[in-house]
Amino acid sequence: MDSALRPPALVGPIVFVIQSQSNSFHVSRAERQRADLLQQTQSLTQTPPPILLLHSLTDNEGDWSILPVLPYLSLLFGKNSSWLVFLEEETNVKVTKLLQALRKFDRRKEWFLGKPLHDEESTIIHHYAFAENPSIFKYPDFSAGHRLQLPISACLKKKCYLPMLLQVALYIWENGQGPRLTAVPELCTEPEHSPTAQHCATTLSSPAPLCGEPVKKEDIFVAVKTCKKFHTERVPVVKKTWEREAFLLEYYSDHTDPSIPTIDLGVPNTERGHCGKTFAILERYVSDAVPKTRWLLVVDDDTLISLPRLQMLLSCYDPSEPVCLGERYGYGLGQGGYSYITGGGGMVFSRAAVVRLLASDCKCYRDDAPDDMVLGMCLNALGLPVTHSSLFHQARPEDYSRDFLAHQVPISFHKHWNIDPVAVFNRWLKDKSRSTSPRGLNKSTKEEL
């Protein structure tokens with residue numbers, strides 16, 4: 001690589017890795033980001049730096065979790081001890097300022113750079129790591145980008161499958177044998193045009209820009225999974241908060257209750273899993289029993305969600321494609337595993353995706369199997385991608401870093417445990433300055449979504 005890209009010698013060769021996804025909307029965003037980086041680097045070097053799209057590097061389903069792809073990157077670039085710069089699709093980069101920031105770091109040493117996040121309290125989403133003092137360990141906010149300057153070939157010696165932000169940092173730290181995350185003030189998550197972002201090498205554009213008119217509420221069928229014991233505890237919360245924003249909504253239970261009303265699909269309630277119920281919902285969705293819509297949203301009875309924000313987000317997706325959208329998790333990603341949408345944060349399917357799923361031979365192996373994971377296995381077998389949005393949340397706001405949520409306008413949260421769910425909805429998901437129509441959402445909300 002041309003040495004002009006590293007003025008002075010302290011800045012080594014750079015490889016940009018855009019954390020892209022295979023859905024057409026996300027590919028388009030990533031391509032625009034790559035074009036912008038190429039344009040910026042033209043004045044710095046005759047030979048442009050490698051700018052890679054993560055989703056297209058290998059056939060490994062788990063590459064999105066970063067660790068499984070490190071061996072591949074090591075084979076290509078490890079000999080040069082390259083800086084690996086990982087960027088999310090919405091991360092804007094000022095390359096000159098980034099190079100200036102990297103000059104501070106001796107490239108002969110191992111570095112793990114980023115904007116640090118930490119947990120205020122031990123949390124289930126990080127498996128209660130560092131329970132005695134959760135704030136002691138820092139992990140990167142991927143939205144600000146993060147950089148690795150280390151012998152990445154070390155990943156070849158281990159099983160790389162840990163998907164979460166904290167686990168990436170734990171893996172690199174290697175129980176004290178590797179580098180901890182080093183804070184770089186120039187790696188920011190401020191809005192692109194904010195006056196406070198003048199010093200920043202990275203800023204944020206809208207995580208998922210409004211791509212047109214919001215999807216009509218008549219085009220979204222909402223399925224709420226519940227059971228008899230929660231009819232008086234959880235269902236009233238749905239009715240007090242977000243049910244009024246739905247045009248087509250049905251509650252599915254193990255007991256028919258006309259006062260709600262609920263529909264008994266003939267699947268007994270299970271203490272865990274709910275796979276049988278979810279597949280029955282998919283079958284009902286494509287039948288003549290309900291109006292035909294372009295989108296299906298499946299939620300739990302303790303999911304808190306903003307349907308107007310979802311309508312805005314869905315304006316970016318083509319319902320004729322098999323879209324499966326939500327908060328993405330992974331299972332066994334370094335060992336031939338699969339990705340899946342966590343059910344608690346809400347699972348969104350285009351009609352095309354549901355039709356493809358039901359046309360396959362994929363079924364529940366038992367009624368109480370985990371529905372979201374079984375669906376993930378089915379999608380993986382069909383070669384259908386799981387599309388991630390960080391605006392869906394499997395847990396409560398308390399379970400996420402404050403700084404992580406600070407640059408979001410979230411779409412959903414999950415669980416009522418030790419919180420007032422109505423208060424949480426009003427604080428995090430209710431747009432106070434809008435009318436009942438999604439067209440009335442305020443400008444700042446549109447820009448964030």
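## The main core

In the largest nonpolar core, which has 40 residues, Trp242, Leu297, Leu314 and Tyr317 are the ones that touch the most other members. Keep in mind as you look around that this is a predicted model.

Helix H7 gives the most, with four residues.

## Around Tyr317

Leaving aside residues up to four places away in sequence, Tyr317 touches Asn23, Phe25 and His26, along with Trp295, Val323, Leu325 and Thr387.

## The sheet

Now for the strands. Seven of them form an open sheet with mixed pairing, and their order is S14-S13-S12-S15-S20-S17-S21. At the edges stand S14 (262-264) and S21 (387-388); each has a single partner strand, so one side of each is left without a neighbour in the sheet.

Within that order, S12 (residues 220-225) and S15 (residues 295-300) pair in the parallel sense, over six bridges. In general, strands of a sheet pair through backbone hydrogen bonds, and they do it either parallel or antiparallel.

Is Ser389 buried or exposed? Its relative accessibility is 7%, and since anything under 20% is called buried, Ser389 counts as buried.

Ser389 sits in the loop between S21 and helix H10 (402-406). Not counting residues up to four places away in sequence, Ser389 touches Leu313, Leu325, Gly326 and Glu327. Leu325 turns up among the contacts of Tyr317 too.

## Where H6 meets H8

Helix H6 (residues 275-285) packs against helix H8 (residues 351-359) at an angle of about 115 degrees. Their axes are 10 Å apart, and the crossing is left-handed.

Which residues make the contact? From H6 they are Leu282, Glu283 and Tyr285, and from H8 they are Arg351, Val354 and Leu358. Sorted by type, the residues of this contact come out as four nonpolar and two charged, with no polar ones.

How values were computed:
Residues numbered from 1 in each chain as written. Predicted model: local features only at pLDDT ≥ 70, side-chain atom pairs only at ≥ 80, totals over all residues. Heavy atoms only, no water. Pairing = 2+ DSSP bridges. Helix = DSSP H or I, 4+ residues; strand = E, 2+ residues; numbered from the N terminus. Buried < 20%, exposed > 50% of the residue type's maximum accessible area, 1.4 Å probe, protein only. Contact = heavy atoms within 4.5 Å. Core = buried A, V, L, I, M, F, W, Y, C linked by side-chain atoms within 4.5 Å. Axes fitted to C-alpha atoms, helices over the stretch in contact; angles between N-to-C directions. Left-handed = near helix turned anticlockwise from the far one by under 90°. Nonpolar A, V, L, I, M, F, W, Y, C, P; charged D, E, K, R; others polar.
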